[in-house]
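Work through the exercises below with the structure open beside you. Try each task before you read its solution.

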Amino acid sequence: MTKLSVNINKIATLRNSRGGDMPNVVQFAKDVQKFGAEGVTIHPRPDERHIRYQDAYDLKSEVYTEYNIEGNPIEKFTNMVLEIKPTQVTLVPDAVDAITSNAGWDTIKHKGFLVEMIQEFKQNGIRTSIFVDPDLKQIEGAKETGTDRIELYTEAFAHQYSLGNHEAIKPYAACAELANELGLGVNAGHDLSLDNIQFFKQHIPGLLEVSIGHALISESLYLGIENVVQMYLRKLK
């Protein structure tokens, strides 16, 4: 079964909007694990507009499933990850001013940098994943970096699927097949939702983990967080 990692950035955004500690990020992480989530994902950014760096440290002792920290490996981020030693670090090439992640790595152009970063994380016992677009050459490039896994950037699939274009799954399936052949684990994330997750799962061979935040939290406003976590788990079987 594909693991569900809940991205809790939106909970931090809501908290920050009032300047207090409601909702409490750590308590929410504990709750989603209790409700069945098999991992917790955070993506701190330099301006700390949602998850704060202190949150990452506070969560360390409370995430007893899989702890996945995403981000661009600038010095501050890298030092934090090496201190916390989460289960997995997912490297994302987002710009400082990006609203959300909007592109995968060029694993060929940035091979040297990625090799260096991945070696450092792996030497510290941290599983590594690279955020990539569904491009076969980028999957091959990812293999050359020494990463353990890739995370397929699924925004394009989600958008096309919402328009009724089910053919949009094909490049993702091809990339997953190649990754499996190369010995790379396959994760996925970005705009996956209750509407498209089952279709995506059914067509992606060897899908190990999905990281879902925005849609899951939005759906929970209507359906309740415990119910929504269980709905995702059923669709991921």
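Helices (H or I, at least four residues) and strands (E, at least two) are DSSP runs, numbered from the N terminus. The model is predicted: local features need pLDDT of at least 70, side-chain atom pairs count only at pLDDT 80 or more, and totals for chains, interfaces and linings use all residues. Residues are numbered from 1 along each chain as its sequence is written, and side-chain values use heavy atoms, with hydrogens and water left out.

**Exercise 1. Helices H4 and H5**

Describe how H4 packs against H5.

Solution. Step 1: two packed helices are described by the angle between their axes and the distance between the axes. Axes are lines fitted to C-alpha atoms, for helices over the stretch in contact, and angles run from 0 to 180 degrees between N-to-C directions.

Step 1: the axes of H4 (residues 75-84) and H5 (residues 111-123) cross at roughly 20 degrees and come within 10 Å.

Step 2: classify the angle. Under 35 degrees counts as roughly parallel, over 145 as roughly antiparallel, 65 to 115 as roughly perpendicular and the rest as oblique. H4 and H5 are therefore roughly parallel to each other.

Step 3: list the contact (heavy atoms within 4.5 Å). H4 brings Thr 78, Val 81 and Leu 82, and H5 brings Met 117, Glu 120 and Phe 121. By class, the contact of H4 with H5 has four nonpolar, one polar and one charged residues. Here Ala, Val, Leu, Ile, Met, Phe, Trp, Tyr, Cys and Pro count as nonpolar, Asp, Glu, Lys and Arg as charged, and the others, Gly among them, as polar.

**Exercise 2. The buried side of H4**

Which residues of H4 are buried, and what covers them?

Solution. Step 1: apply the cut-offs. Buried means under 20% relative accessible area, exposed over 50%, partly exposed in between (1.4 Å probe, protein chains only). Step 2: the buried residues of H4 are Phe 77, Thr 78, Met 80, Val 81, Leu 82 and Ile 84. Step 3: their cover includes H3, strand S3 (66-71), strand S4 (88-91) and H5. Step 4: go on to Lys 85, which follows H4. Its phi is positive, near 55 degrees.

**Exercise 3. Helices H10 and H11**

At what angle do H10 and H11 pack, and how far apart are their axes?

Solution. Step 1: H10 (residues 214-223) and H11 (residues 225-235) pack at about 125 degrees, with axes 8 Å apart. Step 2: that angle makes H10 oblique to H11. Step 3: in the contact, H10 supplies Ala 215, Leu 216, Glu 219, Ser 220 and Leu 223, while H11 supplies Ile 225, Asn 227, Val 228, Met 231 and Tyr 232. Step 4: these residues divide into seven nonpolar, two polar and one charged.

**Exercise 4. Glu 48**

Is Glu 48 buried or exposed, or in between?

Solution. Step 1: locate Glu 48 in the loop between strand S2 (39-42) and helix H3 (53-59). Step 2: its relative accessible area is 27%, so Glu 48 is partly exposed. Step 3: read phi. Glu 48 is not a glycine, yet its phi is positive, about 50 degrees. Step 4: leaving out residues up to four places away in sequence, Glu 48 touches Asn 16, Tyr 53, Gln 54 and Lys 76.

**Exercise 5. Ala 158 and Asp 191**

Solution. Step 1: Ala 158 belongs to helix H7 (residues 155-162). Ala 158 is buried, at 9% relative accessibility. Step 2: Asp 191 lies in the loop between strand S7 (185-189) and helix H9 (197-203). Asp 191 is partly exposed, at 40%.
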